[in-house]
Amino acid sequence: MKIIFMGTGTSQGVPIIGKKRGSLDLSNPKNWRNRSCAHVEVAGMKIQIDAGPEFRIQCLANNISSADIFILTHGHADHIAGMDDLRRFCDNMPGNVLPVYSNEYGLERISAMFPYALGDKPASPGYPCFKLKKMPAELHFENGVKILSDELPHGPVKTLGIAIEGEGKRLAYYTDCHSLTPRAVEMAKGADIAVLDCLKIAPHPSHMNLEAALETAKLLEAKTTYFTHMTSHIDYGVYEPKLPPRVHFAYDGLSVEI
Ligand SMILES: [Zn+2]
Ligand SMILES: [Zn+2]
C-alpha cells in the first residue's frame, strides 16, 4: 500500500495570495502547500482522493495519470474545484467513465458544478464523465480491497472520512473535520497510517487544531500518523521536531509505502 500526499495545504493554499508571510520560512519547500488531496495505491488499484484547484499541477509533479475510482471527501472548493481535470482519468477508463464516490453533500456539489459530466458517456470526446455513487458504509472490491466510511462533523457540513484496507494494511484519511465519530475512531484504531486534519495552532470551529489532532493521534494509536490541511501558522521546521514519536506533518510530494 502506498499513499502520495499530492497537497497538504488549507483552503487558500500556503502561502496565501498577497498576505504577509509572518515568520513562515518559505525557503523550506515543505512550507509550500497546495490544496489537500492524496493518491492511494493498493492491491493493483489506484484511488484518488479529492481534486482541488492545483490538481493538474499535482498530477504532473507526482506522475499520476489515472485512478480506478475517485472519492470526494466533501464539496468545498479546495477539494472539488479541480475535478474537470479528471477528464484524463476518464480517458483511461472503460467507456471513458470514472466511478465517483462521495456523501450526499459532495454529490450535490458535483451535480451543481459539473452538470456536463453526468451522462452515460462523455458529452464530447475528451470531456469528463462521472458515474456518481453514494459512498456506502462499507465498499468491497473483487481484489479484496475494502473501504469503510463515516461522515465527520465539519462546521455546517459533513466530510467523508474513509479507511482503506488491502494487502493486510489499513490507512485512514480524515481531512476537514472538527472531531471523529465513534465509528471513525474504530475504523482507524491501530491503523498502519492515519491521516488527520490539523489546521493550525489556535482552535477553529470546523477543523482540528494541533492540540486536537495530537489528542486524536494518541487515541487512534496508528503505527504512523500524518497531519494535513495546514495553514501558514504551522512552520514545518519549527513544529515537526516538537511532535511525539510516529507523528509527522505531511508535506506536498511525500510518498509513503508500507
Ligand atoms: Zn479543505
Ligand atoms: Zn472543507
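Reader: How many of the five residues of strand S11 are buried?

Author: Five of the five, residues 193–197, so strand S11 is largely enclosed by the rest of the structure. Buried means that 20 or more other C-beta atoms lie within 10 Å of a residue's own; exposed means 12 or fewer, partly exposed is in between, and C-beta atoms are placed from the backbone. Strands (E, at least two residues) and helices (H or I, at least four) are DSSP runs, numbered from the N terminus.

This is a predicted model, in which local features need pLDDT of at least 70, side-chain atom pairs count only at pLDDT 80 or more, and totals for chains, interfaces and linings use all residues. Residues are numbered from 1 along each chain as its sequence is written, while chains are lettered from A and ligands numbered from 1 in the order in which they are written.

Reader: Which residues are on each side of S11?

Author: Ile 193, Val 195 and Asp 197 are on one side, Ala 194 and Leu 196 on the other, and all are buried. In a regular strand, side chains alternate between the two faces of the sheet.

Reader: In what sense do S10 and S11 pair?

Author: Strand S10 (residues 169–174) pairs with S11 in the parallel sense, over four bridges. Pairing requires that DSSP finds at least two bridges between two strands. Tyr 173 has Val 195 in S11 as its bridge partner. From S10 the chain crosses through helix H5 (residues 182–188) to S11, a right-handed β-α-β crossover. Right-handed means that, with the strands pointing away from the viewer, the path from the first strand over the helix to the second runs clockwise.

Reader: And how many bridges join S11 to S12?

Author: Five, and S11 and strand S12 (residues 224–228) run parallel. Ala 194 has Thr 225 in S12 as its bridge partner. The chain goes from S11 through helix H6 (residues 210–220) to S12, and this β-α-β crossover is right-handed.

Reader: New topic. Which peptide bond is cis?

Author: The one from Val 14 to Pro 15, with omega near 0°. Pro 15 is in the loop between strand S1 (2–7) and strand S2 (37–42). Most peptide bonds are trans, and most residues other than glycine have a negative phi.

Reader: What about the phi of Asn 63?

Author: Positive, about 55°, although Asn 63 is not a glycine. Asn 63 is in the loop between helix H1 (55–62) and strand S4 (69–71).

Reader: Is Asn 63 buried or exposed?

Author: Exposed, because Asn 63 has 8 C-beta neighbours inside 10 Å.
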